[in-house]
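Student: I should like to understand the reasoning behind the terms used for this structure. May we go through them one by one?

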Amino acid sequence: MLQFAPYSAGSMIALGLCFLLVCIFEFANGFHDTANAVATVIYTNSLKPRVAVVWSGLMNLLGVILGGISVAYALVELLPPDVLTPPNGNPAVPMLVALFGTALAWNLLTWWFGIPNSSSHCTIGALIGIAIGDSFLHARALGHSVDWSQIWKVLRALFISPPLGFFLALLAYLAIRYTVRLPALYTPPKPGEKPHPVVRGLLILTCTSVSFSHGSNDGQKSIGLIMLTIIGLMPATFATNPDHPINRTELASIAATARPLIAQYDRYSFRKDALTSIDQLADPSNKASAAEIRGDLYEILSGVRDVAANPAASQDEKNTATKLAKQLRPSVEYAPLWVRVLSALCLGIGTMVGYRRIVQTLGEGIGKQHLTPAQGAASEIVGAGLIATAGYTGLPVSTTHIITSGVAGTMVAAGTGVNMRTLRKIGLAWITTLPVTITISAIVFYILA
């Protein structure tokens, strides 16, 4: 597959397939993640399913538009630079097929069994697997060719957020229970019965907040995946930011400042490639294409990121490296409005088609008794806060795991107990997702490449 020539019929068919896969993956993502946002309002009859899904989709879109793109490219930067932009100019087809094929297959498998699995875990596991597969492909040491500092940064947020969701939702439920004396809040809904107006308003508000925060975090992940695909499809058009025209002289000046920082630390195997890219940018006779400039910039970015994360570097050096990365990123890290809209549409349509299984699991499967409005509100308030905070700090978290752990926390706070069978299924998916997706994507990438 690496031998596909750019713009050949074979490469365009393969990349078209990849674009279809990313849309299907985001559609499946809606089954899992966005369904968590609408679960409570649908389960308590606060909103009709279609109204809830459309409203959630609009709030997701707003969150995607206002939430920035830091999370999107935190994921993209898990990949080695030579995978993002192959140095021979060929499309990154093996990376895209391994990524979307692995994540989509695991997402659909867990959805089929009604398990609230994390699409974030699927995506991150597949990206890590590709980085590992690339190191084997080029016979590089894993400790050097994979940017472990970026991986640990992403994984820390994924591991810490579920326990936080559990304990904060537990406390939020207790606060509601001891301050609000409204019996309707603590009674499980009856089929077809309209909730109390106050309860209905509260749950619509929490649904809105979770949907918006989901767009500001999970929606960004799909933006990053779509951007990977369209850059592979049309590198001449999308490799660099059209709203931030390339100024070779300015970029060469920034890169020259980065050279002494990168040159003095030999911890990262891409150091040599980063130094080569700095020289190529500074060479006025080098008539590089937009895709080649993108590749050079990602090599340099990987070098300055390594300096920023290197314990041996001084604080001044780390600050300088972070500043240089901030100056380089606008040229290659961006997202057009239509990509954001496409992301929200795929998530919303997926939710509309496949929300029922996950809604039933959240409403009836996590606790020994059915979910009450107060429990749903507490878990969603906490979830919205954690997801939004992570989104604006550039850390990807799992909406599914935050909301489900929050619901479990409220069940413990209410004294109703939790359904250990369901929690075991969710926990098993949480534990196995990363190893499974890492292994499969590494093997698929290695074979295809």
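Tutor: Helix H18, residues 420–448, gives the most to the nonpolar patch, with three residues. Please bear in mind that this is a predicted model.

Student: Which residues make the nonpolar surface patch?

Tutor: Phe136, Leu142, Ile443, Tyr446 and Ile447 make the patch, which covers about 530 Å². Among them, Ile443 is found in helix H18.

Student: Why is Ile443 called partly exposed?

Tutor: The relative accessible area of Ile443 is 48%. Buried means under 20% and exposed means over 50%, with partly exposed in between; Ile443, at 48%, is therefore partly exposed.

Student: What makes Pro183 exposed?

Tutor: Pro183 has a relative accessible area of 60%. The cut-off for exposed is over 50%, so Pro183 is exposed. Pro183 lies in the loop between helix H8 (148–179) and helix H9 (197–233).

Student: How do you know that the span of helix H5 agrees with its number of residues?

Tutor: Helix H5 (residues 93–112) has 20 residues, and at 1.5 Å a residue these should span 28 Å. The expected span takes one less than the number of residues. The end C-alpha atoms of H5 are 28 Å apart, which agrees.

Student: Why is H5 described as largely enclosed by the rest of the structure?

Tutor: Of the 20 residues of H5, 15 are buried, so the helix is largely enclosed.

Student: What makes the pair of Asp279 and Arg259 a salt bridge?

Tutor: The closest N and O atoms of Asp279 and Arg259 are 2.4 Å apart. A salt bridge needs a side-chain nitrogen of Lys or Arg within 4 Å of a carboxyl oxygen of Asp or Glu, so the pair of Asp279 and Arg259 qualifies at 2.4 Å. The pair links distant parts of the chain, with Asp279 in helix H12 (residues 271–282) and Arg259 in helix H11 (residues 248–263), 20 residues apart.

Student: How many salt bridges does this rule give?

Tutor: The count comes to two. Arg329 and Glu333 also meet in a salt bridge, at 3.4 Å from N to O.

Student: Is Glu333 buried or exposed, and why?

Tutor: Glu333 has a relative accessible area of 11%. Buried means under 20%, so Glu333 is buried. Arg329, at 24%, is partly exposed.

Student: What is the volume of the second largest pocket?

Tutor: The volume is about 450 Å³. Of the 20 residues that line this pocket, the closest to its centre are Glu77, Gln150, Lys153, Arg305 and Arg329.

Definitions and conventions: Residues numbered from 1 in each chain as written. Predicted model: local features only at pLDDT ≥ 70, side-chain atom pairs only at ≥ 80, totals over all residues. Heavy atoms only, no water. Patch = residues over 30% accessible without salt bridge, like charges linked within 9 Å, V, L, I, M, F, W, Y side chains within 5 Å. Areas by Shrake-Rupley, 256 points an atom, 1.4 Å probe, with all protein chains shown as cover. Helix = DSSP H or I, 4+ residues; strand = E, 2+ residues; numbered from the N terminus. Buried < 20%, exposed > 50% of the residue type's maximum accessible area, 1.4 Å probe, protein only. 1 Å grid on protein atoms, 1.4 Å probe; cavity = no way out; pocket = protein on both sides within 12 Å on 5 of 7 lines; lining within 4 Å. Points joined across faces, edges and corners; volume = space filled by probe spheres on them.
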